[in-house]
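Work through the exercises below with the sequence and the model side by side, and try each task before reading its solution.

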Amino acid sequence: EQLDVLSRPPRTIPPGRYRVYLAPAALYDIVQMLAWGGFGLKDHRTKQTTLLKMQEEGVKLHPSVTIRENTRDGVAPNFQEAGFIKPDHVTLIEAGALHDCLVSPRSAKEYGVPTNGASSAEVPEAVEMAAGEIARDDVLQRLGTGVYVNNLWYLNYSDRSACRMTGMTRFATLWVEGGIIQAPLNVMRFDETIYRMFGDQLLGLTADRDFILDPGTYHRRSTDSSHLPGALVEDFNFTL
């Protein structure tokens with residue numbers, strides 16, 4: 001159905017805030033960006049974490065947001081580069097609140113805490129977000145009028161301490177009216193914080209999740225994976 005829509009002339013919509021559906025592949029890029037500096041113990045102890053507001057001010061995300069490192073169900077090995085064994089699960093965010101950090105052996109030694117087998121980069125290699133309650137067949141009706149985002153790219157932080165991200169839409173971003181896909185959209189730039197996307201503007205997560213293998217081949221073939229739902233978000237900010 002979406003491939004048929006892509007043959008239609010693309011539309012351009014003005015910058016502004018729109019209700020959006022972030023498909024699992026789009027959410028993957030956001031979660032990967034969040035993993036860059038979000039969950040490591042060293043980043044937390046040196047106040048460089050992108051989740052500084054959660055650490056310092058007690059800010060919480062939406063109660064439906066639970067994020068784990070799920071080594072047991074991923075494809076990466078259950079040990080890190082120095083041979084330290086990883087537990088099956090490490091809960092990073094539970095019901096919207098910070099829970100545990102990823103602790104490399106070096107950080108464990110430095111800060112006098114037990115390691116949980118994290119890599120030296122202290123980033124998740126088998127990240128999982130808990131499912132929600134929205135049936136995938138109901139996504140378009142719940143979206144109503146708004147933007148269906150299948151892919152994002154060129155993500156970066158526009159304000160690390162505020163966990164604000166910017167990036168571009170990519171393949172198959174679609175305009176939806178009255179729950180019906182109308183046309184593909186030309187490329188847009190977004191600028192949003194995790195505290196809005198996964199916080200007060202999150203309308204819900206899908207009950208179905210996609211298992212996504214990281215296609216990266218930088219230095220080596222990646223064994224990272226993600227298990228993610230889609231997300232329905234209100235007032236998502238497109239700036240260009």
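Is Cys 101 buried or exposed? Cys 101 is buried, with a relative accessible area of 18%, where buried means under 20% relative accessible area, exposed over 50% and partly exposed in between, with a 1.4 Å probe and protein chains only.

Before going on, note that this is a predicted model, in which local features need pLDDT of at least 70 and side-chain atom pairs count only at pLDDT 80 or more, while totals for chains, interfaces and linings use all residues. Residues are numbered from 1 along each chain as its sequence is written, and side-chain values use heavy atoms, with hydrogens and water left out.

**Exercise 1. Find out how many disulfides the structure holds, and explain the count.**

Step 1: recall that a disulfide is a pair of cysteine sulfur atoms within 2.5 Å.
Step 2: the closest cysteine sulfur to that of Cys 101 belongs to Cys 163 and is 14 Å away, which is too far for a bond.
Step 3: the structure therefore holds zero disulfides.
Step 4: look at Cys 163 itself, which is buried with a relative accessible area of 0% and is found in the loop between strands E7 and E8 (164–169), helices (H or I, at least four residues) and strands (E, at least two) being DSSP runs numbered from the N terminus. The phi of Cys 163 is near 50°, a positive value in a residue other than glycine.

**Exercise 2. Describe the loop residue Glu 122.**

Step 1: read its phi, which is near 55° and so positive, in a residue other than glycine.
Step 2: check the accessibility of Glu 122, which is buried at a relative accessible area of 4%.

**Exercise 3. Describe the surroundings of Asn 70.**

Step 1: Asn 70 lies in strand E2 (residues 67–70) and is buried, with a relative accessible area of 4%.
Step 2: leaving aside its neighbours within four places in sequence, list its contacts (heavy atoms within 4.5 Å), which are Asp 88, His 89, Ala 126 and Glu 128.

**Exercise 4. Characterise the largest pocket.**

Step 1: on a 1 Å grid over the protein atoms alone, a cavity is a set of points where a 1.4 Å probe fits but cannot get out, and a pocket is an open set with protein on both sides within 12 Å along at least five of seven lines; lining residues have an atom within 4 Å of a point.
Step 2: the largest pocket holds about 780 Å³ of space, a volume being the space filled by probe spheres set on the grid points, which are joined across faces, edges and corners.
Step 3: of its 31 lining residues, Tyr 28, Gln 32, Asp 214, Ser 222 and Asp 224 are the closest to the centre.
Step 4: helix H2 (24–38) and strand E7 (152–159) each supply at least two lining residues, and H2 gives the most, with six.

**Exercise 5. Sum up the protein chain as a whole.**

Step 1: the secondary structure comes to seven helices and 13 strands.
Step 2: of the 240 residues, 50% count as buried.
Step 3: the C-alpha atoms fill a box of roughly 55 × 35 × 30 Å, taken along the principal axes.
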